[in-house]
Amino acid sequence: MTAPVGLAAVDHVQLAAPPGTDDALRAFYADALGMTEIPKPPVLAARGGCWFASGPVQLHLGVEQDFRPAKKAHPGLRVTGIEAYAARLETHGVRVEWDGALPGHRRFYAHDPVGNRLEFLEPDM
């Protein structure tokens with residue numbers, strides 16, 4: 001029998017960052033978002049950037065010499081306890097922008113320290 005063919009899951013999302021921003025990215029993704037930094041394979045670590053995970057969610061930040069932040073494109077990150085999560089980000093100095101335009105969800109946007117847009121959402125109960 002032939003195995004079915006198709007997409008199974010999103011493995012990770014990669015965002016770009018300018019050179020020399022790894023420490024600021026660590027402070028945001030690990031400290032503010034509560035993600036865990038995961039080691040990059042040595043051949044990729046030489047390129048700079050850092051990778052983070054929280055459960056099955058992985059975000060990779062790769063160095064781009066001609067960096068421009070993603071202002072419209074963004075990962076949508078599902079969270080639990082969205083009010084408390086937003087408050088956590090605010091205590092780390094992150095500006096949270098609530099948006100009520102998605103029916104059936106509570107959501108807000110925030111930007112990482114290099115300007116990439118991130119969406120955080122939780123379905124209404």
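This is a predicted model: local features need pLDDT of at least 70, side-chain atom pairs count only at pLDDT 80 or more; totals for chains, interfaces and linings use all residues.
**Entry 1: glutamate 122**

I began with glutamate 122, which sits in strand β8 (residues 117–123). I found it buried, yet without a salt bridge. I looked for the nearest side chain of opposite charge and got arginine 106, 6.5 Å away. A salt bridge has to be within 4 Å. What does the side chain of glutamate 122 reach instead? I traced it to the backbone nitrogen of isoleucine 82, at 3.1 Å. I also listed what glutamate 122 touches, leaving out residues up to four places away in sequence. Among them are Val79, Gly104 and His105.

**Entry 2: arginine 106**

Next I followed arginine 106. Which residue forms a salt bridge with it? I found glutamate 83, with the closest N and O atoms 2.0 Å apart. Glutamate 83 lies in helix α3 and arginine 106 in strand β7 (residues 105–111), so the pair ties together parts 23 residues apart in sequence. Arginine 106 has a relative accessible area of 35%, so I noted it as partly exposed. Glutamate 83 is partly exposed too, at 47%. I then saw that arginine 106 lies over the face of tryptophan 98, 4.3 Å from the ring centre.

**Entry 3: rings**

How many aromatic pairs does the whole structure hold? My search gave five. I picked out tyrosine 85 and phenylalanine 120, a tilted pair with 5.6 Å between centres and 45° between planes. Tyrosine 85 is in helix α3 (residues 82–91) and phenylalanine 120 in strand β8, 35 residues apart. I checked burial, and both residues are buried. Ring pairs also link Tyr85, Trp98, Phe108 and Phe120 into a cluster. Elsewhere I noted arginine 117 over the face of tyrosine 109, at 3.9 Å from the ring centre.

I counted six salt bridges. In one of them, glutamate 37 meets arginine 26 at 2.8 Å, N to O. Glutamate 37 is in strand β2 (residues 36–38), and arginine 26 is in helix α1 (residues 22–32). Another joins arginine 107 to glutamate 119, at 3.0 Å between the closest N and O atoms. It links strand β7 with strand β8, across 12 residues. Are arginine 107 and glutamate 119 buried or exposed? I found both buried. Shared partners join Asp23, Arg26 and Glu37 into one network of salt bridges.

**Entry 4: aspartate 66**

Last, I looked at aspartate 66, in the loop between β4 (57–63) and β5 (76–78). Its relative accessible area is 61%, so I marked it exposed.

Definitions and conventions. Residues are numbered from 1 along each chain as its sequence is written. Side-chain values use heavy atoms; hydrogens and water are left out. Helices (H or I, at least four residues) and strands (E, at least two) are DSSP runs, numbered from the N terminus. Buried means under 20% relative accessible area, exposed over 50%, partly exposed in between (1.4 Å probe, protein chains only). Lys and Arg count as positive and Asp and Glu as negative; His and the chain ends are not counted. A polar contact is a pair of N or O atoms within 3.5 Å; within protein, one must be able to donate a hydrogen and the other to accept it, and residues adjacent in sequence count only if both atoms are side-chain atoms. Contact means heavy atoms within 4.5 Å. Rings of Phe, Tyr and Trp (its six-membered ring) pair if their centres lie within 6.5 Å; planes under 30 degrees apart count as stacked, over 60 as edge-to-face and the rest as tilted. A charge sits over a ring if NZ of Lys or CZ of Arg is within 6 Å of the ring centre and within 35 degrees of the ring normal.
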